[in-house]
Amino acid sequence: MLHSLDPHQVSSRPAHPSIIDLRQFAREVVAAAASQADGQTDAFLANRYPLAIPPGPVEIGAIRLEAGTGSVAELPADEFIILCDGSLTLNQQGQTLELTDSASAVLSAGAGFHWHCLEPTTLLYMRYLGESAGEGNLIAIDESAALEPSGTPLVELLIGPTPACRNHTDYRSVDEEFMCGTWDSTPYHRRAMESRQYELMHLLAGAVTVVEQSGASRTYTKGDICLVEKGAVWSWESREDVKKVYAIYRPA
C-alpha cells in the first residue's frame, strides 16, 4: 500500500520539475508517517511514501521501518534502495546484505528475502517496472569498484575544459533504461540543460553547485542525496573532483 503525506506536514513542491533534497524528504516522512502495515502486507512494502511525480514506469519515495523483522515473498519490480538512517540487514538463501552508513543496493524483481532492523530505519527507493535483468538477486552497490572512462558533457554546453569522467555500472535493466552504479569526474562547469531522465544522486566525495530554471541555487556536498527530476532545467558547477552513486531512469 502506498501513502501520501499530509501536505500541511511537508514542504511545498514547485510546479515545475526540479531538484529535490531527498534527505529532507526523508526527514519529513519520519516526522509525519505512522506505520501502515495491515498484517497482510509486509511493512517493507506497506510503509511507503512516494513523491508526487507523473505516472510512469518509475516510482521514487521513502520507506519507514520500525525496529523488528519481516519477510518479502517476491518483490514485484526492480528497486534501488539507499539507507538514510538506522540499519538494515537482508537475508536471501544464505546471502546476507547489510546496509549501514548510506549504503545502497539493487533488489531485483522476484527477489524474496527476510529483513531485520535493530532500530527505526528510513530508506529511499527508486522502483522500475520494466523488464528485470537481476533474476531475483540482491546486488550491493560497490562504492570501491574500479571505474572505466565514460562519456563527458557536450562540448557546446561546457564553460571551460572538458572533464575526465569514469563510471562503473552495478546493474542495468534489460531495456537499458534503468541503471545503477558509481561515477566520478574532474571539475567542470556546464550550462543549463533540460534533464531527460530521473537521477537519484548520493555524493560520496566533492561538492557541486546546481542552479535551477527558477534561479534557485544549492550546493550539495559529501553525504547529500538529491533527485534530479525529468524535465528539470539546471546547470552544474563542480570546483573539485566529485564522486557519486547514481540510480537513473532514462526513457529511450
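This is a predicted model: local features need pLDDT of at least 70, side-chain atom pairs count only at pLDDT 80 or more; totals for chains, interfaces and linings use all residues.

Entry on Glu199. Glu199 has a relative accessibility of 7%, and because buried means under 20%, I record Glu199 as buried. I then placed Glu199 in strand S16, and I found that its side chain makes a polar contact of 2.7 Å with the side chain of Lys244. Setting aside the neighbours within four places in sequence, I listed what Glu199 is in contact with: Cys226, Leu227, Val228, Lys244, Tyr246, Ala247 and Ile248.

For Cys117, the nearest cysteine sulfur is that of Cys84, 13 Å away, and Cys117 is buried at 1% relative accessibility. For Cys226, the nearest cysteine sulfur is again that of Cys84, at 12 Å, and Cys226 is buried too, with a relative accessible area of 5%.

Entry on the nonpolar cores. I looked up the largest nonpolar core, which has 31 residues, and noted that Phe80, Leu124 and Met126 have the most contacts inside it. Several elements each supply at least two residues of this core, including helix H1 (22-32), strand S5 (78-85), strand S10 (121-128) and strand S16 (198-205). The largest share, four residues, comes from H1. I also noted a second, separate core of 22 residues, which includes Ile81, Leu90, Tyr125 and Leu138.

Conventions:
Residues are numbered from 1 along each chain as its sequence is written. Side-chain values use heavy atoms; hydrogens and water are left out. A nonpolar core is a set of buried Ala, Val, Leu, Ile, Met, Phe, Trp, Tyr and Cys residues joined through side-chain atoms within 4.5 Å. Buried means under 20% relative accessible area, exposed over 50%, partly exposed in between (1.4 Å probe, protein chains only). A polar contact is a pair of N or O atoms within 3.5 Å; within protein, one must be able to donate a hydrogen and the other to accept it, and residues adjacent in sequence count only if both atoms are side-chain atoms. Contact means heavy atoms within 4.5 Å. A disulfide is a pair of cysteine sulfur atoms within 2.5 Å.
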